[in-house]
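Student: Hi! Could we go through this one together? I'd like to begin with a side-chain contact.
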Amino acid sequence: MTESIYTTYPPKLSAAQEQFLVSTIKDWTVQHGLTVRPPPTFISQETVSKGVLATNAPVTLFPSPFPKACFEEARAVQKVYNELYARITSDEKWLGEVIEELIDVDDFVAGLWKVHQAVSQEGYVQDLSLGLFRSDYMVHTLDSETASLKQVEFNTISSSFGGLSSRVAALHTELLQSPPGHSLSYPSHPLFDGRVPPENTAVETLSAGLAAAHKAYGLSKSSPSLPLAILFVVQDGERNVFDQLALSTRLTQFHKIPVFRLVTGEILDRTSIPDGNPSRPILYTPPHAPDSLFEVTTIYLRSFYAPTDYITDRDWSARLQLERSAAIKCPTILNQLSGCKKVQQVLADPNKPENLARFIAATDVEGTQEKLRKTFAPQYDLSPNGRGRELALNPKTASRHVLKPQREGGGNNVYKEAIPGFLKSIPESDWKGYVLMELIQPPSEATNVVLRSDGEVLGGNVVGELGIFGTILWKSNGEILHNQEGGWLMRTKGKESNEGGVAAGFSSLDSIILY
Ligand code: ADP
Ligand code: MG
């Protein structure tokens with residue numbers, strides 16, 4: 001089936017058909033907010049700074065075929081993955097031992113750990129944590145007949161594109177469904193017969209997670225009591241703002257919860273924790289209403305995941321201010337650190353099955369632990385005399401691997417043949433800051449056409465990466481108040497590109513047709 005799909009998919013477009021489809025999509029994206037702020041390479045900085053323009057997010061013209069069994073498998077394990085990462089976060093001793101290994105080689109991880117320790121010493125005043133997670137996968141094909149699901153990474157901070165990916169699913173659905181029951185935009189293809197992308201509830205799911213935290217916060221801890229709100233902490237100059245607004249709009253309109261956006265650089269100017277209140281509520285004053293005060297129930301980080309978000313010591317102080325407050329953090333520092341690539345490697349280590357078993361029972365009837373293990377691709381540390389070191393230094397075996405530092409957001413990995421040289425260019429004592437991962441081998445025949453944000457249309461061989469969203473709200477004693485799976489993201493990149501980040505400019509948003 002796999003092969004037959006890709007030999008004829010997507011259907012060929014004549015020049016006139018492509019032009020029609022592209023202009024339809026351009027209009028649709030702006031009409032429905034499937035948009036980003038324009039890239040600085042596209043228009044002048046002066047025009048960017050006026051903040052009046054938006055352009056289409058990079059999108060594929062066609063949905064990509066995706067094996068139904070793999071999609072269902074990814075959905076089926078999401079709530080278990082949510083629990084796994086909640087439990088790791090609550091197991092400070094175990095996580096601390098993993099992180100300890102990284103601290104002397106990775107300043108960023110060390111900085112985060114230091115903030116956690118400072119708050120730990122003072123005592124955390126908030127026992128609840130919120131996770132808005134995304135587990136990313138590729139379809140691994142051993143031969144053209146067998147497709148299996150392999151996890152690329154698990155994201156515990158700023159898991160993005162829930163907002164825009166729902167819109168891409170809606171776009172492709174509309175293109176497939178034009179009346180009278182067959183597409184006016186696409187040439188016919190057997191895969192299109194009656195099929196549309198599966199429902200995408202990412203916005204509903206992610207917002208419901210934030211709303212659950214807001215509710216669980218309870219009453220104002222200030223006296224007199226203050227109105228409550230959720231705070232989105234964002235990057236200055238964020239281009240992916242409409243993705244975030246999809247969530248805040250849902251929160252204000254459906255859940256009736258006030259939401260404010262605050263850039264990291266203004267945290268210390270706009271928020272405060274009153275000295276005399278041992279509950280440490282964090283208060284926020286909107287710049288447009290200097291006489292009003294809100295108490296923040298939930299802090300949703302769409303920033304602070306990369307070293308570039310911490311320019312000065314003031315940014316670290318700002319992170320400390322958020323972490324020590326009574327607000328429920330999405331995520332806490334520990335939850336952010338649980339998403340380190342090193343944690344994923346340690347869980348997947350076939351020689352240390354006790355690591356995963358510590359968090360997920362091995363003997364339950366449903367075989368939950370086995371289901372998770374099946375999604376792991378081989379991963380190694382680079383310890384002396386270890387298998388990872390051997391595979392990474394030999395150019396022949398390195399070519400089947402990717403080397404990952406403890407970073408998020410794309411653009412940080414070292415690929416294939418470049419690995420041995422890269423390792424030799426850094427001190428050997430730093431190697432323990434990296435993990436080596438076997439490359440997943442997605443179907444090689446897939447093609448699609450992409451409309452980029454600058455209007456360019458590109459076609460060719462592509463590789464897809466599926467993300468499944470999940471949210472969980474839990475107490476440090478392990479009690480779970482809310483655990484949901486819902487919504488997905490399909491990203492598609494040119495096959496020749498190693499990296500896959502949309503925001504980092506490597507890939508585009510897509511949707512899926514299940515087969
Ligand atoms: P980041 O935190 O920067 O997103 P990822 O682990 O997701 O780091 O890696 C970035 C990109 O590199 C992925 O989106 C994917 O395209 C590619 N990649 C990472 N790991 C693998 C792998 N094991 N096999 C194939 N591609 C991979
Ligand atoms: Mg990634």
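Student: Which side chain makes a polar contact with that of Glu408?
Tutor: Lys341 does: in this predicted model, a polar contact of 3.2 Å joins the side chains of Glu408 and Lys341.

Student: Nice. What else does Glu408 touch?
Tutor: Leaving aside residues up to four places away in sequence, Glu408 touches Glu153, Asn155, Ile157, Tyr305, Gly339 and Lys341.

Student: And where is Glu408 found?
Tutor: Look in the loop between strand E14 (401-404) and E15.

Student: Is Glu408 buried or exposed?
Tutor: Glu408 has a relative accessible area of 16%, and the cut-off for buried is under 20%, so Glu408 counts as buried.

Student: Let's take Glu153 then. Where does Glu153 lie, and is Glu153 buried or exposed?
Tutor: Glu153 lies in strand E6. With a relative accessible area of 12%, Glu153 is buried.

Student: What does Glu153 touch?
Tutor: Not counting residues up to four places away in sequence, the contacts of Glu153 are Arg134, Ser135, Asp136, Lys341, Gln344 and Glu408. Lys341 turns up in the list for Glu408 too.

Student: Changing topic: the backbone. Which peptide bonds are cis?
Tutor: One is the bond from Tyr9 to Pro10, with omega near -5°. Another joins Ser223 and Pro224, where omega is about -5°.

Student: Why point those out?
Tutor: Because most peptide bonds are trans.

Student: How about phi? Which residues have a positive phi although they are not glycine?
Tutor: Phe161 has a phi of about 75°, and Lys416 has one of about 45°. Most residues other than glycine have a negative phi.

Student: Are those two buried or exposed?
Tutor: Phe161 counts as buried, at 5% relative accessibility. Lys416 is partly exposed, with a relative accessible area of 29%.

Student: Last one: which loops are they in?
Tutor: Phe161 is in the loop between strand E6 (146-155) and helix H7 (162-177). Lys416 lies in the loop between strand E15 (414-415) and helix H18 (418-425).

Terms used. Residues numbered from 1 in each chain as written. Chains lettered and ligands numbered in written order. Predicted model: local features only at pLDDT ≥ 70, side-chain atom pairs only at ≥ 80, totals over all residues. Heavy atoms only, no water. Helix = DSSP H or I, 4+ residues; strand = E, 2+ residues; numbered from the N terminus. Buried < 20%, exposed > 50% of the residue type's maximum accessible area, 1.4 Å probe, protein only. Contact = heavy atoms within 4.5 Å. Polar contact = N/O pair within 3.5 Å; in protein donor to acceptor, adjacent residues only side chain to side chain.
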